[in-house]
Amino acid sequence: MKSAISSSSPMSASSSSSPCSSSSAISSSGAPVIHGKHSNRVLVNSFKIFIFKIWTESNIISVQDAVLHNCWMKNGYQLYKIQEGEGEGLSADLSIFQGYFSDNFYEVIIILENVLPIIKYKRIKLAKTKTVSHSVVVHLWYACEVGEEMASLERNGKKEVDRLDTALLDLPILKAPIIYIYIYIYVCVIISYNMQLMLNGPGDESLVPRTWGQSLLVCGSVPVLGSWNVKRGVRLSSMIFGSSWVSVKCFQRFENGLKLSYVGESVWKAECVMQRILSSGFILFLNSNFTYRYGKYDKSGNFSIESGSNREVSTNSSRIEAKYIFLSDGMMRETPWRGAGVAIPMFSIRSESDLGVGEFLDLKLLVDWAVASGFHLVQLLPINDTSVHKMWWDSYPYSSLSVFALHPLYLRVQALSKNIPEEIKKEIEKAKQQLDGKDVDYEATMATKLSIAKKVFVQEKDLILNSSSFLEFFSENEGWLKPYAAYCFLRDFFETSDRTQWGRFAHYSEDKLEKLVSKDSLHYEIICFHYYVQYHLHLQLSEASEYAKKKGVILKGDLPIGVDRNSVDTWVYPTLFRMSTSTGAPPDYFDKNGQNWGFPTYNWEEMSKDNYGWWRARLTQMAKYFTAYRIDHILGFFRIWELPDHAATGLVGKFRPSIPLSQEELEKEGIWDFNRLSRPYIKQELLQEKFGAAWTFVATTFLNEVDKNFYEFKEDSNTEKKITSKLKTCAENSLLLESEEKLRRNLFDLSQNIVLIRDPEDPRKFYPRFNLEDTSSFHDLDDHSKNVLKRLYNDYYFCRQDNLWRQNALKTLPVLLNSSDMLACGEDLGLIPSCVHPVMQELGLVGLRIQRMPNEPDLEFGIPSQYSYMTVCAPSCHDCSTLRAWWEENEDRRLRFFKNVMESDELPPDQCVPEVVHFVIRQHFEAPSMWAIFPLQDLLALKEEYTTRPATEETINDPTNPKHYWRYRVHVTLESLIKDNELQTIIRDLVRWSGRSLPKEDSEIEASRVSALSVAEAVSGKQKSASTTEKPVLIK
């Protein structure tokens, strides 16, 4: 069999990054020739992988071995299926050669590409002992419950902990670590064999228990493991001095127990003797199979054993008798850490210091409230500059002007200087009063802040621009900062972001940029002002970020899927984007007509040439401020819904990449009239049905009759954007007989009345129109054509693309994940291909679950108690109505939810009263999801006094409206919320009772306070906070 490792593999001996020495080679016979004092003695003759649930379509995988420092690779091996207890195993025979090794370990690399894609390769450390000094038979067991959650947790448990920055945050997750236990068993003498217990953190000692007196216990059915007597088990413990690991030892002697010794590289071991007996001249195991489990033991004597069935070791199941067994047990089976958080857009925050909109420094107050309420996380929407047009529609936070620049909207002008003149201070106070409205006034707020900032800039520009702090900031960021400042200058100078009107600056070049930002230019002070604003935004967000880390709170950012068509990024990197296209989403829960976001789609082929450097730079920049992030529309990394740039809606699109329907394929199926299927099918009777008496006006204004009673669009009306433009002209000339909106909607319906979409780049390729069965064009086809097209439709959308989309995601998503240490969460809502969740599980991406949008097609409402661990659960999100608004929108749905979910036969209340909110929120707190994150609006609904504002006014976004004004502001200040101890207690109790982690400070406070309460009082919730709760001030 040929080796499965290609020359491009990072494990390949020919790789430039390989540590292979020229002193090793492979002979013509295929055996390694190792030069030096070490021999090529064979150490291992048998190999076995055991998997509780086999996750493969093939019985052949690539298994390679290598001595680490010699990097010699053998060929792949065929695996044989074996049965072990309740699961199946895979076994193979191979040889591992002793070559260059460290003082303590033999090191082997095993490639597990196909069976366990979650583990691309595993470096195995075999601890050296005096006993194993000759050729032996070795069984290597890798145990992994690959079904459901175990695969993701095994691959990503450490990564998730690391990305939460636990060393800094000191989260309680450290008390429930991902722990890897290794057990070595080998024959020592003819009447006994030794067992070696080893504990190993997965590359990081920080994952071993860090609590004083906490230890691990191996308890089992054999005497050396205590015969299921906890006090006689083999106990493994850890000790810490400050932040340094000073020793690891067994601090309590057990009967028949062993002293654990540290052998280096995060590995500890203990050896004991397990007896054998002689019978009729044959050597037999006294216990050929034995069972065991792991448990946790504290200094107070409390013991908790892991959940699940007993683990089992079989010593006689192989075709070759094993003399040495290596067992990797994966995770200790215990309830994993879970946390909770609050979500609110930056612009929606209200404080007593802000100027009409939330500001970065307000996050410090929000963090204080989060900690007091029991939250570990604060989630924001995108905070990048979106001021493309300098109009209110720039309020859309996902349409970035620059993916690196921060939004000046969130600048606190009072913090620009300690020496602000009195007249500017008065101007700030006046602006605070004027802008303190119910909603954000985007244009007025931006204009006011920039005006004040310019005045302060004039006062201190020389001081700031020559400071070491600014010069350091500029040096680290000039790659994006200079193009951003030049773009802002050109946008303002030409009074448009349309680059086609910028003359010679329409096309970017380094030479043009340097002239624009030159110190000798007349407008250099304007350029510096943009530097100045970004510098202060960086300082203020950094201050808030550091404060959050100090308080143990994670700031979670948002990574938009697109950029504005007229952005700095499309100006500087035009080849990275397909500018003749537009990004959107097919019809789904959010919009039955699909969505058109207007962003150009990505040219992934071009991006791959520098290993997606633009994406890596984005993540590096985000990681300066955030510990976690949400990947907006993660489906776009599998495939994107691509629309022509002349489309106004999101319905008539296609997926990119995707495998189209070829003309040859269609012709073989008897489909041949491609013009009929791919052009709008407009009959006179359809016009009369849609437009009534106005049909003749529509026909003469927008259409040409091409055959009797059949029409086509005129050249000036044959796209959605042309229709919109022509309707606007007709309205201005008072020619319309009906409302402009109604006519536009019906004309769009006519233009979308097609069955197939012809590829604009290859006329012999076609794509099924989404929901083609809803069109009258489809209804008028013969039965054979209908059946063929339905089958091909299902194949295109649900079958043929899966492998392509999987491969596409596995090219791009790992680059994002490896670009920073942030925890990555994917927004996986909408039309979900079957390949998405396996890939997310494989990569350890946390998904999103919204109760009203269940993944299960047979459910109307999701069941939080059945959510998987690797998820974020929430009752609502920014793209849908709040819990209150959703409850009040639909009476029939409300009745079904009240009966089926809340299990009540009574009539539900018309309003979403606090009792209903409490029930729904408690469901989500108690869900198995890693995170339960709640919109602040839903949390405020826990108290009736915060529900005086109409529920519909709390909606952040309406996905059906591409020109939605993002302007929602919370109607209570953070200062008032911090004083509301009653609300904090309600939320904190929900966190505590659900078993989710409480922030450290809050947990200590609660421990002393709750201990004074009776159990009945604590459970009933009747106990009030000891301090007085002030009545909050609401903004009406």
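Reader: What kind of model is it, and what do the numbers rest on?
Author: It is a predicted model, in which local features need pLDDT of at least 70 and side-chain atom pairs count only at pLDDT 80 or more, while totals for chains, interfaces and linings use all residues. Residues are numbered from 1 along each chain as its sequence is written, and side-chain values use heavy atoms, with hydrogens and water left out.

Reader: How many helices and strands does the protein have?
Author: The protein has 29 helices and 43 strands, taken as DSSP runs numbered from the N terminus, with helices being H or I of at least four residues and strands E of at least two.

Reader: And what share of the residues counts as buried?
Author: Of the 1036 residues, 57% count as buried, where buried means under 20% relative accessible area, exposed over 50% and partly exposed in between, with a 1.4 Å probe and protein chains only.

Reader: Switching to rings, how many aromatic pairs are there?
Author: The count comes to 54 aromatic pairs, where rings of Phe, Tyr and Trp (its six-membered ring) pair if their centres lie within 6.5 Å, and planes under 30 degrees apart count as stacked, over 60 as edge-to-face and the rest as tilted. One of them joins tyrosine 602 and tryptophan 615, edge-to-face at 5.2 Å centre to centre with 70 degrees between the planes.

Reader: What does that pair tie together?
Author: Tyrosine 602 lies in strand E30 (residues 601-602) and tryptophan 615 in helix H11 (residues 613-622), so the pair links parts that are 13 residues apart in sequence. Both tyrosine 602 and tryptophan 615 are buried.

Reader: Which charge sits over the ring of tyrosine 681?
Author: That is the charged end of arginine 676, 3.8 Å from the ring centre, the rule being that NZ of Lys or CZ of Arg is within 6 Å of the ring centre and within 35 degrees of the ring normal. Lysine 364 lies over the face of tyrosine 547, at 5.3 Å from the ring centre.

Reader: How many disulfides turn up?
Author: A search of the whole structure finds zero, a disulfide being a pair of cysteine sulfur atoms within 2.5 Å. Cysteine 528 is buried, with a relative accessible area of 3%, and cysteine 835 is buried too, at 6%.

Reader: Last one, which residues of H17 are buried?
Author: They are Leu743, Arg744, Asn746, Leu747, Phe748, Leu750 and Ser751.
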